[in-house]
Structures are given as structure tokens and as C-alpha cells.
Amino acid sequence: MSTAKSAPHAGGAERGGEVDDTALVRAAQRGDREAFGILVSRHASSVLSVATRMLGPTADAEDVAQEAFVAAYNALSRFQCDSKFSTWLYRIAVNKCTDSLRARRPDISLDSTSDESSIAWETADEETPHWELEQAELAWELDKGIQALPHLYRESFVLRHIEGLGYDEMSAILGVHRDTLKMRVYKARALLCQSLAHLDRAIR
Amino acid sequence: MITDEQFVQRFLDQELSAEERVRFVVRLGHDETLRTRVIELEQLVLDAGRLPRPIVPERFVAAVMERIEPAPSLWRRLAEAFVAPHSLQWNLASAAAVACVATLAVGSVWVVTERESASGQQASTPVLVRLVVLQPGARTVQVAGDFNGWNPSRTPLEQASSGAWTVMLPLAPGRYEYQFVVDGRQWIADPFAAEQNDDGFGSRNAVIEVGPVNTTGAGATL
């Protein structure tokens, strides 16, 4: 049993230096909890970002983000290090978000790709950040717009333009063909432009 | 046929060939509608990339690690603490229904005081004191002291996991000397007790001072 002073060594993974994810994963697979803790702190921002964009900025999003890491930990022995850890983690996070959305609205099919945003996801009331008013307004509107997108479009848009992933990685995460993902992203962009059209964008 | 819209989107993703790109940019030069569309989409992508990222709460990592492996049982924490001597203080809100925090001395002996749940607390109300000693190899452990007439057979300890032995004693406030008896023959006192008494037989007793119960919880000091 490890104590603060005698954590089992990761064998090759140094503490505090620039250790890559693969080394940390291998250490965690051998039982090094601290190594997994480092992975969590490294990727918390990304997972939380996806959860927040998919579920809205609520306590639910934070809970789902935590769940994603717990699920990753429990499934760690199945991760073969043949892809990036972040790709694998994103996949788990996206699935957890989808599960959560399904649980919220079991009557709505998340797989519909209708252009009509008939789904009005609730957004939590959030305090306006202390920015210039135009920027704040835009961010608020954009956030609402993203929240209002059909699930599949939102998923793809968030991974592409919030997380900045390429189509290849997105395909690995979602298990969907690149071309299909591109179409979803195109549709998402078009819908968002539409929903933001009322803003006076000449200011920027 | 590839529509304008698809061209625009592919342009945005930088997926046009060099030749297609040149032709497209030339078109942009004299097609204001197309140009507006491109600017609109480019701006959207730019804004999306600039959206604030949520702040990871300070407790996030700790919360995850806690869910992965919940806090170990009281006994295991004590066993772990044994290897890392330092002053221990924790809130024993465990299933053992302990209700207050005790500051423990360094060493192999821990004393935990539990508040009497009964009402009517007076200066003489007995305080429940839990003694814990780590003796992993022992077959039996008893305690002998002022509170049981120095008769170890009256107060056997129970073995918990991880080699910890424990007993709960109701003690009226006061000062008590005691020692543990391991396997019926080895008498040990707490080597780190703050107060040591010479019992006249060449060995030192451990001492515990039990304070009265008050609103902040009972206290016991070694």
C-alpha cells in the first residue's frame, strides 16, 4: 500500500518532468495512481470543455467529466496505447455526454440530423463575464447557438472548432467516416451563422 | 455538382487544391455575396476558437481520485499512518459513528475520543475513548491500567484489519496510566507518549488525560 513517501515507482516515468501520456498510462496500468492523477490534471480542461459544450455549463457537466475519467480508469487495462490517450479519452467523454443527454430527454432521438433545431436544450443562467459588452454578447449568443444545435452537429462542431481536432482524429473518436463528419460540421456552421445573423457583426 | 456552399465550406477547411483555391479566391474578388458568406463563416470559426474554456475547479482532480478509490477504512489509514510518523488529525465521520476529531500523538498508539451521544452532559460524564495499537504479529492484545485495576484480562482488545487492535473504554474525566500487554507476556507503553511515568518497577507507563465533554467535543491527550 502506498503512502505519501513511498509511492510505487513508475519505472522510467519521472515526476514533474515532461513525461508523455503513454508513459503515464503504462505506469497507471501497473497500479501507479499518482500517474493517473497527472493524466487527469493534464486532460481535465479538454474533457470539461467537451462536457460543458455538450451539456451546458452546469454541475451536470462537471459530474459527467469526472465520470469520464473514472470510466477511463476502470477501462485502462483495455487501452492498448496504439492510439493517443487523448483520442481514447475524448471518445469516452463524448459517450458519457451522449448517455447523459439521452437520460435527460429519452423521448428525443439524438441521431436525427434534421436542420430544424426543434430541440431546445436548456442553458443554465450564467453570469456575464466582465468583458467588453460586444464580446460578451457574442460569446453568449454563440454558446446558445451551439447548445441549440442538433446533437450530432453539436458534437462534431465542438470537436472540430472548440477542441481544434482534425477530421482524422474525430473519425477515430466518433467511429464515423470523415466525409460524414465534414457534412455535419458544414451544417453546424451554416446553422450557427444563421442564428448569429441578427447580431451586428460590423463592430468587430 | 458541387454547390457554392460546399466550395465555401471546403475552402474554410483548406481542402481545396491549389488550383481550386486560386479560382475560388478570384471569384471572391468579384462576388460580394460569396465573399460575405466566407467572411461570415471564417468569423464564426474564429469566434468559436476564442470561446472561453471552462475553468477546471481546484477540487476536480481530487474528486476524480476519490471516486476511483474512496478513502480507505479507518483501520487502513491508521496502518498507513504508522509508517509516516507525523501529527495526525482527521474527522472520523465513518460508519463507526465517531463524532469528533482527536489530535493524536506520534507512534504506534492512537487514542480517539468519541462524544457521548446521550444528553445531559456534565463534567463527570464518561467519555468514550478508543485505544488503538498496531501489533500485526500479535495473537492477543490487552490493556491494563488505572481504569481496570491493572488487570489485563479485563480488557482485551479486538483485532481490526491491517494489524490494528482496538478497544473502546468509557472513562470519566481524569488521569490514567496504562500499558498494553501483547500475547500475555510483553508489556509495552507508548514510546512516544508526552508524559511518561516511572511505575517503580523500572518500566514507564503511558498516561492519558481525559477531559470533560464540552460543546466542541471531548478531548484526550496522551
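What follows is a chat about how to read a predicted model with chains A and B.

Biologist: Before we start, what are the ground rules for this predicted model?

Modeller: Residues are numbered from 1 along each chain as its sequence is written, while chains are lettered from A and ligands numbered from 1 in the order in which they are written. Since the model is predicted, local features need pLDDT of at least 70 and side-chain atom pairs count only at pLDDT 80 or more, but totals for chains, interfaces and linings use all residues.

Biologist: What is the mean pLDDT of chain A?

Modeller: The pLDDT is the predictor's confidence in each residue, from 0 to 100. Chain A averages 80, with 75% of its residues at 70 or more. Residues 1-16 of chain A stay under 50, and the model gives them 21 contacts beyond four places in sequence. A contact here means two C-beta atoms, placed from the backbone, within 7 Å. Residues 114-131 of chain A are also below 50, with 24 contacts beyond near neighbours in sequence.

Biologist: How many helices and strands does chain A have?

Modeller: Helices (H or I, at least four residues) and strands (E, at least two) are DSSP runs, numbered from the N terminus. Chain A has eight helices and zero strands. Of the contacts in chain A between residues at least 6 apart in sequence, 65% join residues at least 24 apart.

Biologist: What share of chain A is buried?

Modeller: Count the other C-beta atoms, placed from the backbone, within 10 Å of a residue's own: 20 or more is buried, 12 or fewer is exposed, and in between is partly exposed. By that count, 36% of the 204 residues in chain A are buried.

Biologist: How do I read the packing of α2(A) and α4(A)?

Modeller: Two packed helices are described by the angle between their axes and the distance between the axes. The axes are lines fitted to C-alpha atoms, for helices over the stretch in contact, and angles run from 0 to 180 degrees between N-to-C directions. For α2 (residues 33-55) and α4 (residues 85-104) of chain A, the axes come within 10 Å and cross at roughly 30°. Angles under 35 degrees count as roughly parallel, over 145 as roughly antiparallel, 65 to 115 as roughly perpendicular and the rest as oblique. So α2(A) and α4(A) are roughly parallel. Among the residues that meet are Val47(A) and Met54(A) from α2(A), and Leu89(A) and Cys97(A) from α4(A). That contact has 11 nonpolar, four polar and no charged residues. In this scheme Ala, Val, Leu, Ile, Met, Phe, Trp, Tyr, Cys and Pro are nonpolar, Asp, Glu, Lys and Arg charged, and the others, Gly among them, polar.

Biologist: And at what angle do α3(A) and α4(B) pack?

Modeller: About 45°, with the axes of α3(A) (residues 59-74) and α4(B) 9 Å apart. That makes the pair oblique. Gln66(A), Phe69(A), Val70(A) and Tyr73(A) face Ala63(B), Val64(B), Arg67(B) and Ile68(B) in this contact.

Biologist: How many residues of each chain are in contact across the two chains?

Modeller: There are 26 from chain B and 33 from chain A. On the chain B side, α3 (32-50), α4 (60-68) and α5 (74-83) each supply at least two residues. The most come from α3(B), with eight. By class, that side has 17 nonpolar, three polar and six charged residues.

Biologist: Where is Val56(B) placed?

Modeller: In the loop between α3 and α4 of chain B. Val56(B) counts as partly exposed because it has 19 C-beta neighbours inside 10 Å. Beyond four places in sequence, Val56(B) is in contact with Ala44(A), Ser45(A) and Leu48(A).
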